[in-house]
Amino acid sequence: MANDIEQAKRPVSAALAGPYGHPFHPILVTVPIGAWVSSLVFDIGSRIVADPGFLARGSLWLVAIGVVGALAAALVGTLDLLAIPSGTPAFRTGLTHMSLNLAVTAAYIAGFFWRRAAYDQPGPVGIGPLVLSAAALVALAASGYLGGKLAYHYGVRVAAESTQAEGYRTAARRSS
């Protein structure tokens, strides 16, 4: 079991997934999360302001940026998943996390094309795409919870406690 834990902490490819103790996946997920949350804010704003076209168009591009960011995060996240021994609760959690993220990304891809059909219209974002985005964000939050469980509960791609302890040694303890 100790070997399984250490295996899940080490990158499959440090060049692609990030070095030991500093994975790239958590950094990359900020792009789709930020873009998709912002797109929902734009969606709601487009239903409130007098001239909603600019918000509807901006939301479309935020959705697209989020999809591109999600694909990058998924590639790196897959490498992290491959480091987890199969048949373990951590691996099953990782598969569920990945599946939810793929479903969310598919929903946003569908939402992009749904919105694109109305791109040249000056009106607000339709209620359908808005509800799809809100539902996708709820699923994304559930997936984020699972990602947190992978890192903070199971310690996937987190440095070993002995490495973490280095950050808490005082100067007096280091010199002795």
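**Pocket lining and aromatic pairs**

The lining of the largest pocket consists of 19 nonpolar, 12 polar and two charged residues (nonpolar: Ala, Val, Leu, Ile, Met, Phe, Trp, Tyr, Cys and Pro; charged: Asp, Glu, Lys and Arg; polar: the others, Gly among them). The model is predicted, and local features need pLDDT of at least 70, side-chain atom pairs pLDDT 80 or more, whereas totals for chains, interfaces and linings use all residues. Residues are numbered from 1 along each chain as its sequence is written, and side-chain values use heavy atoms, without hydrogens and water.

Of the 33 lining residues, His25, Pro26, Val29, His97 and Gly147 lie nearest the centre of the largest pocket (a pocket is an open set of points on a 1 Å grid over the protein atoms alone, where a 1.4 Å probe fits, with protein on both sides within 12 Å along at least five of seven lines; lining residues have an atom within 4 Å of a point). Helix H7 gives the largest share of this lining, eight residues (helices are DSSP runs of H or I, at least four residues, numbered from the N terminus).

Four aromatic pairs are present in the structure (ring centres of Phe, Tyr or Trp, the latter by its six-membered ring, within 6.5 Å; planes under 30 degrees apart are stacked, over 60 edge-to-face, the rest tilted). Trp36 and Tyr108 are stacked, at 4.1 Å centre to centre and 5° between the planes. Because Trp36 belongs to helix H4 and Tyr108 to helix H6, this pair ties together parts 72 residues apart in sequence. Trp36 is buried at 1% relative accessibility (buried: under 20% relative accessible area; exposed: over 50%; partly exposed: in between; 1.4 Å probe, protein chains only).

Terms used
Helix = DSSP H or I, 4+ residues; strand = E, 2+ residues; numbered from the N terminus.
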